[in-house]
Amino acid sequence: MAAVELIAHRGWPRHYPENTLIGFDAAADAGALYVETDVQLSSDGVPFLFHDRDMKRVCGINRSIADHSAAQLDRMHASESARFDDAFAAEPIPRLTAFVQWLLGRPDIRAFVEIKRNTIEHFGIDTVLERVTRELEPVADRCVLISFSYDFIWEARRQGRFALGVVLVHWRDRKADIVREIGPEYLFADVGFLPRWRRWNIEGPQVVVYEVDRPTVARRLLRRGARFVETFSVGEMIKALA
């Protein structure tokens, strides 16, 4: 197993605040060739990298990304102070445009960009898809749009502009009509709800399993049919599996 089979989940969160450019830089410097990030829209429709429905854990603010304008978010910090104290007190919440510029400077990196369901529910499929794909256009050939929202990925397929991944809500959904109709290039599955022991055979999409931080589990998953494993500990996993 090599770095080519690992996806850096939100960067390298074991050592850096998640979904920050410093975290992605560190993951890439450690040898990661694939990264995953999350996208939500500000109140005025600007895409930012952020995972949670509220900002309490990362920013210490008990409100959501959609409650703030882009200008307000630009003045906030993704410090994760409960974990890192003041070590990253000045680390910004990245705009998607900043992530695109980062990718342009890292031509060996491919990115999986997860569109969060709460931002789709708030702004609607068409608005979110237009805002995100417009900003990703310069690196479209190295980005895969993924989401738990099957309807969002179906519309993205209809527009036909990006490679796509379905994040399965249930393992059985891999056989759902809408997933078959989408024909995604990737299926993302939580390691916790995979069928135990037996190998799975899926024709077409490549299987990505998250969240995996143990090398023995990663090796077993690859033997059972996974193409990638996604991890919060990408540097440690690269070293252990080299």
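Two strands are taken to pair if DSSP finds at least two bridges between them, and the strands themselves (E, at least two residues), like the helices (H or I, at least four), are DSSP runs numbered from the N terminus. The model on screen is predicted, so local features need pLDDT of at least 70 and side-chain atom pairs count only at pLDDT 80 or more, while totals for chains, interfaces and linings use all residues. Residues are numbered from 1 along each chain as its sequence is written, and side-chain values use heavy atoms, with hydrogens and water left out.

Begin by selecting residues 6-9, strand β1, together with β2: the two pair in the parallel sense over three bridges, and Glu-36 in β2 is the bridge partner of His-9.

Now centre on Asp-38, which counts as buried at 0% relative accessibility, and look for its salt bridges (a side-chain nitrogen of Lys or Arg within 4 Å of a carboxyl oxygen of Asp or Glu). One joins Asp-38 to the side chain of Arg-10 at 3.7 Å, N to O; this pair links distant parts of the chain, since Arg-10 sits in the loop between β1 and α1 (21-29) and Asp-38 in strand β2, 28 residues apart. Another joins Asp-38 to Lys-116 at 3.8 Å, N to O, and here the partner lies in the loop between β4 (110-115) and α6 (117-123), 78 residues from Asp-38. Lys-116 is itself buried, with a relative accessible area of 9%.

Then select Arg-57 and Glu-80, whose side chains meet in a salt bridge of 3.7 Å, N to O. Arg-57 lies in helix α2 (residues 56-59) and Glu-80 in the loop between α3 (70-74) and α4 (81-84), so the pair ties together parts that are 23 residues apart in sequence. Arg-57 counts as partly exposed at 38% relative accessibility, whereas Glu-80 counts as buried at 2%.

To see these contacts together, select Arg-10, Glu-18, Asp-38, Asp-52, Arg-57, Glu-80, Arg-83, Glu-114 and Lys-116, which are linked in a network of salt bridges.

Terms used
Buried means under 20% relative accessible area, exposed over 50%, partly exposed in between (1.4 Å probe, protein chains only).
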